[in-house]
Amino acid sequence: MVKQYNTKSIYISDRITEAMDGIFDHPLTIVEAPLGYGKTTAIREYLNQTEASVLWQRVYDSSPGSFWNGFCRLFQEIDDDHAQSLLQLGFPDDGISAQEALSLIEAIRLPAKTVLVIDDYHLIDSPGVNGFIELLVENEIDDLHMVLAARFTNMQRLEELTLKGYLYHITKETLELIPREIAGYYKACGIILKDREADHLYSVTEGWISALYLLMLDYITQGGYRPAESIYKLLEKAVYTPLPDETKDFVITMCIFDSFTLEHAADMWEKGNASGLLTEITNQNAFVKYDGVLKTYHMHNIFTGFLREELARKDRRFRQDLYQKAAQWHLKSGDYIAARHYFYRCGDFDNVMLALEEDRTNSFTNEKKELLTEHMEGCPGEVKARHPYAMLKYLMHLFVHNEGELFARVCGEYRNNVETDESLSDDLRRRLLGELEFMLSFPAYNDLKKMSAHHRKAWELMKQPTSIMNNEANWTFGSPSVLYMLYRESGKLEEHVQDLKEAMVYYHRLTNGQGSGAEYVMEAERHFNLGDFDNAEITVHKALHKAQSNMQASIVLCAVYLQIRLAFMKGDFTRMLDLLHKMREDMTSKKEYHFLHTVEICEGSIYSYLDQRPKIPARLLEVDLSNIRLRFPTWAAFNIVYGRVLLINGEYLKLIGSAEHFIGIASVFPNLLAHIYTYIYLAAANQKVFRDDEARSNLMQALAIAVPDRVYMPFVENCDYIGPLLEKLAGEGGYREDIAQILRLYDTYRRSKERIILEHFTEEKPRLTNREIEIARLAAAGATNSEIGKQLFISANTVKMALKSIYAKLSINNRTLLQQYMDRLGR
């Protein structure tokens, strides 16, 4: 009688099960062990025996963007609307978007005992992703427990999170099978071990279950154990060699993918028996598994690594054909980046360009830019000449990422291709040259006459809208002000406004109305800066009507910000708050998340002019432009607010030291409004540190730029610092009439500011109840919600609700600010 073995038997020791029980006692569990220790199997089998609702994400690469797409899709069946909002938000790589993501996730009603597993988490290796996971964990989202399965972790706060009770850490020592567990595993597979055999296997494998599995297969085949070999040698002998030749070819075909569906496998294999082969392999081989939830097949990483080495030994033609099939599959599936990758690997450059042309996502992330640059720079010139629309897309990527030299070279290459290609009809040649003219307007950004000349020429050549841009694109780059963007030459502001009106005629034709209303916003902002508030208000309504009718969110935002500033001059803080709320609600409801940073700039500027430091968004208290999503053209606008924040914080030396950097950024295009504000801030800071000559010189620099255009409001908004210095200058005869107008406007501004502060910021501070003070004290000291609940004999959920009430009363939104508040109280 032939002995029966069950080599696919799954064995989870009591010790591992007991360790896994900790998942439900912590917001985060990390299961950390090297390759082949059975992390995934142990987690999956344990959770299958519980009543948990499991969300499972597998990581395939280091891209935060890919991680985010997979993470968001986990929630689609539970709450598709919030899942789509998360996708629209994009990976939250800064504090503003992270808080928005947290709010969206908290709004999802998760099933009881939801466990979110992120498998192969080590592949991400991203401080940004780690920070986001930590944010979720510290906020203890109701019914959510997270599990990270990783070969290693680089989480900087691992020890801190463990000590605070947020994190439970399961290491490889827990997953290593000790001798009696090895005997139990082999017994479950049909093999009875003697104690000395179990001890020997432990000494050889150190409890590594993958090696134990391969040695088991070797034992069944050979009738005994042989000296330890490399894992790939064991794989080859015990798993790969016994496979039929057809099955070997099949697994080598599919090994280039991290996971695949049956449909995908059938398309790649083309022989009609992919389903049967997969059934046979998964039934007989523990290294290929089927995920019934995701309906995908996964090869174990050890097996994939071995198979890819086998693939590398195949002839070049075989590999090229395989990559071509993979590329065609991804192209058909709409995954254009993956399609380009495989077309590039097999040297099919025409299809690399075709995949780029068909891609309508218009995503400009750094990782995609680097991959695209590699593909395009490796593409032969004659192929690029056959694909002018792909070249135009490449040019847009280069402009967005400020690759000026490469942009200019590729423009020259494109022009030469179009002008010398005899196969092009005259109409198509004109259209392609028109597209280039439109593209050339971008490097001329904020030089309206040059931009307009390109737009006019583009329209004369094409007589139809461009294919490069539509009216859904972000016209302002996230700037809260059109005047900030386009005011570049002193004495010519009124001319700039007229230039914009003329330029928009052709630009609107080319883009189907993109940027509609911008010309009226700039005109209204000019009136505002002159102190002509009535005309500013009239004109901003024109802007709103035009922008809203053409669904131009960026222009609407600029118009609403100007309305907020007008309300400030009237002392109408209720109106200001309503507009700020509307601004944020409009951006989030329309999923325009790239404007959330702009909203914070607007909010921060208002509270900085009201000297309300606690109300200023935390992200504006310390500049780190590498971690915010504003495009480079808007950085100087951020610095306008940041400079005022430094001023009201009394950081005068830091402000003086930062000014050269501010001016450098503002000089690139240039942005004169940022120059004016910076020189005003310098004058104020130098005056505060008794550098009177420097202060006078700085203020004269600001006036020299602003007075020819009567740009008065930057001075008005900062007269609380520079008023006496202005009066002194006027007394000396400098800019006497203009300073008199500034001081008249400041009188209105000051009375409005004092009224707002009196009515809204001097009332008695909100009082916390005794129980809220207890909870606040413990939370500020670093206790978790669970720890607070146990100490006060209340539930963790009650603690969470109390903290929300405390935050609302104190107008704060995190424990760091709570700790600062409690420190000030001396509690």
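Trp68 and Phe71 are three residues apart in helix α3 (residues 64–73), so about one helical turn separates them. Helices here are DSSP runs of H or I with at least four residues, numbered from the N terminus. The model is predicted: local features need pLDDT of at least 70, side-chain atom pairs count only at pLDDT 80 or more, and totals for chains, interfaces and linings use all residues. Residues are numbered from 1 along each chain as its sequence is written, and side-chain values use heavy atoms, with hydrogens and water left out.

A search of the whole structure gave 31 aromatic pairs. Trp68 and Phe71 form a stacked pair, at 5.4 Å centre to centre and 20° between the planes. Rings of Phe, Tyr and Trp (its six-membered ring) pair if their centres lie within 6.5 Å; planes under 30 degrees apart are stacked, over 60 edge-to-face, and the rest tilted. Trp68 is buried, at 1% relative accessibility. Phe71 is also buried, at 1%. Buried denotes under 20% relative accessible area, with a 1.4 Å probe and protein chains only.

The pair of Tyr642 and Phe662 is edge-to-face, because the ring planes stand at 70°, with the centres 6.1 Å apart. This pair links distant parts of the chain. Tyr642 belongs to helix α33 (residues 635–648) and Phe662 to helix α34 (residues 652–666), 20 residues apart. Both residues are buried.

Ring pairs also join Phe67, Trp68, Phe71, Phe75, Phe91 and Phe132 into a cluster.

Lys248 lies over the face of Tyr240, 5.3 Å from the ring centre. Lys314 lies over the face of Phe318, at 5.3 Å from the ring centre. The criterion is NZ of Lys or CZ of Arg within 6 Å of the ring centre and within 35 degrees of the ring normal.

Technical notes: Helix = DSSP H or I, 4+ residues; strand = E, 2+ residues; numbered from the N terminus. Buried < 20%, exposed > 50% of the residue type's maximum accessible area, 1.4 Å probe, protein only.
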